[in-house]
Amino acid sequence: MIDYIARQEFLRAIDSEWEPSPLGRVAGAVPDVDAWLDTLPEFMRLPKNPQGEILAWQKNLENPVWPFRWSALESDLKVEAVAARRAVHECLSIYPLPQGAEWLRDVVIHTIAYRKIQRAEILEWAYSPDIPIKPASISVPYKDLEADFVNIARRMWRRRNKEISSKLSLRRTNTKRDIKWLVRWLNGESDSQMASSRFDDGTIRRARARIAERVGFTLAETLAARDDKGSQKRVIAVKPKQR
């Protein structure tokens with residue numbers, strides 16, 4: 001079973017540990033993914049009728065499984081979809097991601113879609129897992145201003161994430177610590193380099209293997225077997241942040 005809280009922690013960790021910032025790379029995909037989202041009948045397009053906008057977003061936010069994900073983009077033949085696929089691929093391609101990281105493509109799409117909800121310039125990670133959790137319904141009087149509705153939409157998204165957090169986290173103990181070890185290891189640090197007086201390399205190795213499984217990653221045997229002195233070097237395009 002996937003631990004979705006561990007996935008959220010993974011997103012936070014890669015932004016703090018990897019350069020260039022993954023969230024910053026997602027910003028480069030905004031124009032193309034935005035253009036694709038605007039071709040979807042399900043997605044709100046800023047209709048002239050405020051009532052139509054409210055009803056469109058209420059339908060989207062109450063959908064327990066967002067239709068805006070990689071599987072839909074991958075099968076779309078429109079010109080906008082071709083450009084969006086290229087943009088999503090390019091923003092993730094430089095990072096040392098293991099097998100099982102396909103869900104990050106959904107994250108890119110959802111992060112950009114959430115930006116459209118907020119009408120915001122600043123991006124923040126957003127992820128709607130493909131799971132049947134239905135958030136509480138919202139009701140917005142038609143007389144409310146657009147800004148009021150956007151605020152309600154933002155609060156609703158956060159409530160939905162909170163519900164996911166409370167129901168689907170398998171284990172919270174040490175999740176942040178173990179995720180950080182995994183992210184640093186993926187970026188080229190060995191277990192012995194991360195070891196300390198509190199945690200030896202064996203403890204770190206076992207912890208990052210467990211958390212990788214909970215996130216849904218499969219660590220390639222050739223990488224997992226790398227000795228702790230770094231004898232099997234990986235070529236990666238990401239540099240570690242200065243400590």
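Analyst: The chain of this predicted model has twelve helices and two strands. Read from the N terminus on, the elements run α-β-α-α-α-α-α-α-α-α-α-α-α-β.

User: And how much of the chain is buried?

Analyst: Buried residues make up 50% of the 243 residues in the chain. As for how the chain folds back on itself, residues 24 or more positions apart account for 76% of the contacts with a separation of 6 or more.

User: Which residues have the most contacts inside the largest nonpolar core?

Analyst: Those are Phe 10, Leu 37 and Trp 103, in a core that has 52 residues. Several elements give two or more residues to this core, including α1 (4-17), α3 (30-37), α7 (103-118) and α9 (175-186). The largest share, seven residues, comes from α7.

User: What does Trp 103 touch?

Analyst: Leaving aside residues up to four places away in sequence, Trp 103 touches Arg 7, Phe 10, Leu 11, Tyr 127, Val 215 and Phe 217.

User: Let's stay with α7, then. How many residues does α7 have, and how far does α7 reach?

Analyst: Helix α7 has 16 residues and reaches 23 Å from its first C-alpha to its last, which is close to the 22 Å expected at 1.5 Å a residue. This helix is also mostly covered, with 15 of its 16 residues buried. Just after α7, Arg 119 takes a positive phi of about 55°, whereas most residues other than glycine have a negative phi.

User: Changing topic a bit, at what angle do α3 and α7 pack?

Analyst: Two packed helices are described by the angle between their axes and the distance between the axes. For α3 and α7 the angle is about 75°, and the axes are 10 Å apart. The two helices are therefore roughly perpendicular to each other, since angles of 65 to 115 degrees count as roughly perpendicular.

User: Which residues meet there?

Analyst: From α3, the residues Val 30, Val 33, Asp 34, Trp 36 and Leu 37 meet Ile 109, Ile 112, Ala 113, Arg 115 and Lys 116 in α7. By class, this contact has seven nonpolar, no polar and three charged residues.

User: What about α9, how many of its residues are buried?

Analyst: Helix α9 is mostly covered, since nine of its twelve residues are buried. Among the buried residues are Trp 181, Leu 182, Val 183, Arg 184, Trp 185 and Leu 186. Just after α9, Gly 188 takes a positive phi of about 115°.

User: One last thing, which residues does a cis peptide bond join?

Analyst: A cis peptide bond joins Glu 19 and Pro 20, with omega at about -5°. Pro 20 is found in the loop between β1 (18-19) and α2. As a general point, most peptide bonds are trans.

Methods
Residues numbered from 1 in each chain as written. Predicted model: local features only at pLDDT ≥ 70, side-chain atom pairs only at ≥ 80, totals over all residues. Heavy atoms only, no water. Core = buried A, V, L, I, M, F, W, Y, C linked by side-chain atoms within 4.5 Å. Buried < 20%, exposed > 50% of the residue type's maximum accessible area, 1.4 Å probe, protein only. Helix = DSSP H or I, 4+ residues; strand = E, 2+ residues; numbered from the N terminus. Contact = heavy atoms within 4.5 Å. Expected span 1.5 Å × (residues − 1). Axes fitted to C-alpha atoms, helices over the stretch in contact; angles between N-to-C directions. Parallel < 35°, antiparallel > 145°, perpendicular 65-115°, else oblique. Nonpolar A, V, L, I, M, F, W, Y, C, P; charged D, E, K, R; others polar.
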